[in-house]
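Reader: I have a structure here that I would like to walk through with you. Could you take me through its parts one by one?

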Amino acid sequence: MAEKVLSARFETADSMSLATYQADGGYTALKKALEMKPEEVIEVVKASGLRGRGGAGFPAGLKWSFVPKESDKPKYLCVNADEGEPGTFKDRYIMELDPHAIIEGSAITCYAFGSNVAYIYVRGEFKLPIKRLEQALAEARQAGLVGKNVLESGFDFEMWVHPGAGAYICGEETALIESNEGHRGMPRLKPPFPAVVGLFGGPTVVNNVETLAFVPHIINKGAEWFAGLGPEKNGGTKLYGVSGHVKKPGIYELPMGTPLREIIYDHCGGIRNDRELKAVIPGGSSTPVLTADEIDVNMDFDSLAKIGSMLGSGAIIVMDQTTCMVRAITRLGKFYAHESCGQCTPCREGVPWIHKILERIENGQGRVGDIDLLLSICDNIQGNTICPLGDACAMPVRGFIDKFSPEFEEHIEKGKCPIGPFVKPW
Ligand SMILES: Cc1cc2nc3c(=O)[nH]c(=O)nc-3n(C[C@H](O)[C@H](O)[C@H](O)COP(=O)(O)O)c2cc1C
């Protein structure tokens, strides 16, 4: 049985309370970290190989080390709990079932890069996670774990829950900062990077919930232990969230680099109704799709990059033979068209245009040249916008066309969907 780290307490009765968290060793890592020098904490996290679990996989300790030591403005931690990427549903488990792990991880992180304030930016629809976080913060505050002079160490730490209003773009780190400041969530140009100029103009670290929840475990059990859980440069375990046409969808905590085939067939019980596998989106809707022949890939950042896709948020969407690939990408295109913030012309104009073309192909009204037109719109979006939302649409569109072009061509030539009309399984 693979070692459970983040999900080890998910089945504990009353796992969200301070009493059970402390009974399981909670907040001992904070105590230990506060007895170390901040630079030592950063070094341990660097050596652990912890990479950001929000999508890009940037090394966490390295990000913290970019924050200038001296600053005339306060420094901030923004915990990214927006969880907006379609297919992703892992952070909510941590917030609902182990909120103190996030608070402890955030306190240690703030101590490491010299901040005294953390905001947790939670998507607005997450009512229960918001409630659990507020309850956990109130308990931690009362116990002297949050507030002035934490554990009588001289370190002050405040943390606030900031509910968002349900926009995908607010998960992008600079849009999150704008929204956290009370502005409309629109991405900022980089540089300057948030580590230098971020929230309220102060140096800011933005980290995903899952990333931060690992931090107490790394401090307690050591960098070597964490690094050894996964392959080189991909330390730790990962909460893989599997949805779609598998027999047992859900959250599976497994070592980084677990083969995709093993996740689908061993852990998730295979394809529902024992149908044939057609395609898999490996890391949330913006990551390029894989065919059934590509599932022997190891699910870590580097192995997926090698085959032209991404680990992203680790949200695995499984599609069986009954899936129309044109319909699937049309639905995703609709999402991105709706969520474009409108700031950059290539994204604001290009993404809804992509959706319009996909929709007509799916409806049997596709035109000769539509596939080339789609690819040329993708070319004009990719790399030409302030943030990667446009790319997050263009990359999967390109991937679906690359891997399943005969299906697109058949729709256009025959003027109908070869799979037949969509039948709701529910
Ligand atoms: C359009 C868009 C949406 C994003 N949504 C999320 C999100 O919901 N949650 C998240 O953690 N990161 C999201 N990200 C990634 C963040 O910008 C950022 O890389 C991440 O929060 C950094 O944390 P990490 O280093 O711990 O992964 C998004 C990025 C983009 C471009």
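Reader: Let me start with a strand pairing, then: what stands opposite G241 in β9?

Author: This is a predicted model, and in it G241 has A315 of β9 opposite it. The two strands involved are β5, residues 237-244, and β9, residues 315-320, which run parallel and are joined by 4 bridges.

Reader: Which other strand is joined to β5, and in what sense do the two run?

Author: Strand β6, residues 250-255, runs antiparallel to β5, with 6 bridges between them. One of the paired positions is L239, whose bridge partner in β6 is E253. The link from β5 to β6 is a hairpin of 5 residues.

Reader: And is β5 mostly covered or mostly open?

Author: Mostly covered, since 7 of the 8 residues in β5 count as buried.

Reader: Then where does β4 sit in its sheet?

Author: The sheet is an open one of 4 strands, in the order β3-β2-β1-β4 with parallel pairing. Within this sheet β4 is an edge strand, as is β3 (158-163), and each of them pairs on one side only. Neighbouring strands are turned against each other by 20° on average, ignoring direction. Between β1, residues 76-81, and β4 there are 5 bridges, and in one of the pairings N80 has N208 as its partner.

Reader: Which helices lie across those strands?

Author: Helix α8, residues 173-180, lies across β1, β2, β3 and β4, running at about 110° to β1. Helix α9 lies across β1 and β4, and its direction is about 95° to that of β4.

Reader: Why would you call α9 largely enclosed?

Author: Because 11 of the 13 residues in α9, which spans 209-221, are buried, the helix is largely enclosed by the rest of the structure. Those buried residues include T211, F214, H217 and I219. Just after the helix, G222 takes a positive phi of about 100°.

Reader: One last item, S340: where is it, and is it buried or exposed?

Author: S340 lies in the loop between α13 (325-339) and α14 (345-362). It counts as buried because it has 24 C-beta neighbours inside 10 Å, where 20 or more is the cut-off. Leaving out residues up to four places away in sequence, S340 touches C347, R348, V351 and L389.

Reader: How far is S340 from D91?

Author: Their C-alpha atoms are separated by 23 Å, and the two residues are 249 residues apart along the chain.

Key
Residues are numbered from 1 along each chain as its sequence is written. This is a predicted model: local features need pLDDT of at least 70, side-chain atom pairs count only at pLDDT 80 or more; totals for chains, interfaces and linings use all residues. A residue is buried if 20 or more other C-beta atoms lie within 10 Å of its own, exposed if 12 or fewer, and partly exposed in between; C-beta atoms are placed from the backbone. Two residues are in contact if their C-beta atoms, placed from the backbone, lie within 7 Å. Two strands pair if DSSP finds at least two bridges between them. Axes are lines fitted to C-alpha atoms, for helices over the stretch in contact, and angles run from 0 to 180 degrees between N-to-C directions.
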